[in-house]
Amino acid sequence: MSYFDELKKYKDKMALISEEGISLTYDELSREVEEIASLMQPRSLMFSFCTNTAGSVCGYLGALNRRVVPYLLDAHTNEVLVDSLIQVYQPAWLYLPQELKERYPEYETVREKFGYALLRTGFSTAYPLHEDLALLLGTSGSTGSPKLVRQSYRNIQSNAEAIAQYLELDDTERPVTTLPMNYTYGLSIINSHLLVGAAILLTTKPIVGKEFWDFMKTNKATSFGGVPYTYEMLKRVRFFRMDLPDLRTMTQAGGKLAPELHREFAQYAQEKGKRFIVMYGQTEATARMSWLPYDKSLEKYGSMGIAIPGGRFSLIDVDGNEIQEPEVTGELVYEGPNVTLGYAQCGEDLAKGDERHGRLETGDMAKRDADGFYYVVGRKKRFLKLFGNRINLDEIDRMIKAQFDYLDCATTGTDECMEVYITDASCKDDVKDFLIDRTHINASAIHVNVIKAIPKNEAGKTLYIELGKEENK
């Protein structure tokens with residue numbers, strides 16, 4: 001990637017500022033990247049165990065610089081799952097926090113710095129890598145699954161350029177990390193800001209904790225990003241009362257934000273002279289596909305906006321025909337240079353080329369208004385048909401959260417019964433009565449379950465497949 005090769009051009013501008021006290025200029029960062037790169041063979045595979053730290057970012061950049069393909073995974077991924085993935089893909093390198101080294105005494109330590117170690121695995125069977133393959137990321141909700149998204153160098157560069165363009169990024173930006181870098185949204189923030197020579201503030205602290213806000217204020221963060229769960233938590237910690245003079249921009253993606261919450265944050269941003277920008281994306285499209293201009297955020301609250309520069313949206317009906325009329329729901333289709341190559345489910349798949357050819361059927365159902373702005377209605381597979389009624393489960397979740405002060409909830413089910421999961425036993429009867437009243441579905445087809453916590457991945461997205469498992473009850 002050309003801009004990762006040109007980090008030096010920003011010279012003594014600050015590149016990374018981390019909570020553990022490591023600060024690197026672009027000159028210093030480029031030297032670290034080159035040193036890591038020099039230790040590895042090009043076109044080899046690396047497993048990178050990610051944290052929001054300077055060491056983690058250096059390893060990622062070093063791999064790209066050397067045309068080594070990194071698979072980015074959460075450093076806290078279950079050890080058994082990681083071992084299974086290692087056997088499936090047989091990486092030549094592991095790049096991990098030093099405290100995880102003891103798990104792999106059989107591998108050779110090649111480098112240790114900034115709390116990270118580079119290990120040579122010595123696997124004799126190296127799978128061929130396609131020349132365009134740059135990066136591997138897990139699909140949303142598939143923690144530990146061997147199904148990975150194959151991203152190309154062109155995918156990463158084009159998406160970073162588009163994001164920098166529509167967000168009007170420059171070298172005065174100081175984004176603070178609120179999302180893991182192995183999550184496509186979190187990584188896109190790093191990529192797009194490196195492109196313009198900004199200073200990235202790296203912290204592993206949760207956004208609901210005092211330490212996060214102290215770090216953010218001390219280092220004068222200008223922006224942060226969040227998924228819907230992030231913004232639900234922000235409202236609970238009284239974000240609207242905080243004094244944040246340096247904050248310019250808030251971005252949101254990773255699922256549809258409840259329209260009421262969208263409106264509240266858009267109103268806050270307008271009153272405080274800040275920008276609230278809602279976006280839409282998927283790992284399968286590198287990161288971003290749409291954005292809602294901040295000056296339209298209040299007027300079009302609930303909308304995912306318009307296609308990013310270089311991209312195009314369309315809607316198709318059940319027969320695959322393009323829908324031209326406004327306010328008609330269909331499956332959302334995206335076309336652009338950031339559409340990824342396809343999936344990998346085994347080592348042999350890493351040699352595959354472009355299987356999507358720039359077109360992605362997103363699996364999301366959406367509609368377009370008369371002004372050309374798009375609204376996600378729900379997932380294509382997140383529907384039930386109860387007593388002849390078509391039920392949008394994402395809409396059920398949003399209704400409950402709006403009615404019960406953003407109660408943490410999630411809904412699944414079959415065409416025989418809708419299963420609603422909540423975390424507050426005192427609301428159980430009220431939630432059921434509310435749903436019966438709103439949906440007019442027979443009470444026998446609605447079950448409300450109380451569990452300790454709604455299972456989520458490291459990016460705060462609900463793991464629907466985990467709902468109802470005994471350990472969550």
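Helix H9 runs over residues 259-272. This is a predicted model, so let's check the helix length against expectation. At 1.5 Å a residue, its 14 residues should span 20 Å. The end C-alpha atoms lie 20 Å apart, which agrees.

Now, which residues of H9 are buried? Leu261, His262, Phe265, Ala266, Tyr268 and Ala269. They cover an arc of only 160 degrees around the axis, so they sit on the same side of H9.

What covers the buried residues of H9? The cover includes helix H8 (228-236), strand E12 (249-252) and strand E13 (275-281). Just after H9 comes Gly273, with a positive phi of about 70 degrees.

Next, the rings. Phe265 and Tyr268, both on the buried list for H9, belong to a cluster linked by ring pairs.

Across the whole structure, the search finds 23 aromatic pairs. One of them is Tyr104 with Tyr107, and that pair is stacked. The centres are 5.7 Å apart, with 10 degrees between the planes. Are these two buried or exposed? Tyr104 has 4% relative accessibility, so it counts as buried. Tyr107, at 12%, counts as buried too.

Last, charges over rings. The charged end of Lys147 sits over the ring of Tyr343, 4.2 Å from the centre. Lys456 places its charged end over the Tyr229 ring, 4.4 Å from the centre.

Notes: Residues numbered from 1 in each chain as written. Predicted model: local features only at pLDDT ≥ 70, side-chain atom pairs only at ≥ 80, totals over all residues. Heavy atoms only, no water. Phe/Tyr/Trp six-rings, centres within 6.5 Å; stacked < 30°, edge-to-face > 60°. Buried < 20%, exposed > 50% of the residue type's maximum accessible area, 1.4 Å probe, protein only. Lys NZ or Arg CZ within 6 Å of the ring centre and 35° of its normal. Helix = DSSP H or I, 4+ residues; strand = E, 2+ residues; numbered from the N terminus. Expected span 1.5 Å × (residues − 1). Arc of directions from axis to C-beta. Contact = heavy atoms within 4.5 Å.
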